[in-house]
Amino acid sequence: MPAPRGPFRHPEAGTSGVFVTGTGTEVGKTVVAAAIARTLAAEGKRVAVFKPAVTGLDDYDDADGTEIDLYRGKSSRRPAVERPDHVLLREAAGSGQTDDEVAPYRYGPPMSPHLAAALAGEEIDPERLREAAQAAAAGADALVCEGVGGLLVPLAPDYLVRDLAADLGLPLVVVASPGLGTINHTLLTVEAARAAGLEIGLIVLTPWPDSPNPIEESNRETIAALASVRVETLPRLDPRDPSSWPALSPPSPK
Ligand SMILES: Nc1ncnc2c1ncn2[C@@H]1O[C@H](COP(=O)(O)OP(=O)(O)OP(=O)(O)O)[C@@H](O)[C@H]1O
Ligand SMILES: [Mg+2]
């Protein structure tokens, strides 16, 4: 199995972190990444966050005043209380990063980043992503990186989210749903990660119900057994009240 290529494994780099991916889009990656970032920050660590590309900014209302220039004149399918991923991650980490430092590529249309970039007349540059991630990590104790969609989503025509995860060399956190269908989706993601030599540190099932049914309980055990990875659960959080969130610790460095 190839060794992680990334700079963050280097002892001198002094930065640890995680790469939060998932079985697909809208599965809970931001919630999980935010919970991990907040947990680390609450331990007194300086936490930086990173998201290679944010798409779908057209969906956000601008009434809460964040980044109004990005949203002006756009549709408002999400209420103003909801914030884009890079804003939520930054708040959870308590980092003073700029939008560009957290998410160097940001687009309005809700679509795969390679397509959103193409429609904007550009291509996402892997080298710029690697440099931006390293710059975000510089001076931080931990870097919490959220992917885009699932592992095989293209950032550029020949550069997948999985390639970035490999380049950064951070252990993966795989986010998945608790219910029916999740065994297959989760194990496919685990296999795709391992095929590229990526280390999976943790699987998180979210949102975990207060009273899980037998299928959900069984899914948790089955995934842990078949993937040989620690499985945690995250209950439904109130995104507006981070002080109420339970701690979610990242996998410990190997
Ligand atoms: N533990 C949880 N608490 C509250 N909401 C949750 C939780 N887990 C998932 N969700 C809900 O699931 C939806 C998707 O969550 P989230 O935005 O974190 O997904 P994502 O995987 O980051 O999506 P994207 O691919 O757009 O980045 C949101 O509506 C979110 O509120
Ligand atoms: Mg997200």
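Loops and the ligand shell

A: Serine 228 counts as exposed because its relative accessibility is 63%, where exposed means over 50%, buried under 20% and partly exposed in between, with a 1.4 Å probe and protein chains only. This is a predicted model, in which local features need pLDDT of at least 70 and side-chain atom pairs count only at pLDDT 80 or more, while totals for chains, interfaces and linings use all residues. Residues are numbered from 1 along each chain as its sequence is written, chains are lettered from A and ligands numbered from 1 in the order in which they are written, and side-chain values use heavy atoms, with hydrogens and water left out.

Serine 228 sits in the loop between α9 (214–227) and β10 (helices, H or I, of at least four residues and strands, E, of at least two are DSSP runs numbered from the N terminus), and its phi is near 55 degrees, a positive value in a residue other than glycine. Glutamate 26, in the loop between β1 (16–22) and α1, likewise is not a glycine and has a positive phi, of about 60 degrees. Its relative accessibility is 64%, so glutamate 26 counts as exposed.

Another oxygen-side pairing involves threonine 30, which has a polar side-chain atom 2.8 Å from an oxygen atom of ligand 1, whereas threonine 206 places a polar side-chain atom 2.8 Å from a nitrogen atom of ligand 1. Taken alone, ligand 1 exposes 630 Å², and the protein buries 79% of that (areas from the Shrake-Rupley method with a 1.4 Å probe). The elements that give two or more residues to the shell are α1 (29–42), β9 (200–208) and β10 (231–235), and α1 gives the most, with three residues.

There are 16 residues around ligand 1, of which Thr25, Lys29, Thr30, Thr206 and Leu237 come nearest; a residue is near if one of its heavy atoms lies within 4 Å. By kind, the shell divides into six nonpolar, four polar and six charged residues, with Asp, Glu, Lys and Arg counted as charged, Ala, Val, Leu, Ile, Met, Phe, Trp, Tyr, Cys and Pro as nonpolar, and the others, Gly among them, as polar.

Threonine 206 is joined to proline 207 by a cis peptide bond, with omega of about -10 degrees, and proline 207 lies in strand β9.

Conventions. A polar contact is a pair of N or O atoms within 3.5 Å; within protein, one must be able to donate a hydrogen and the other to accept it, and residues adjacent in sequence count only if both atoms are side-chain atoms.
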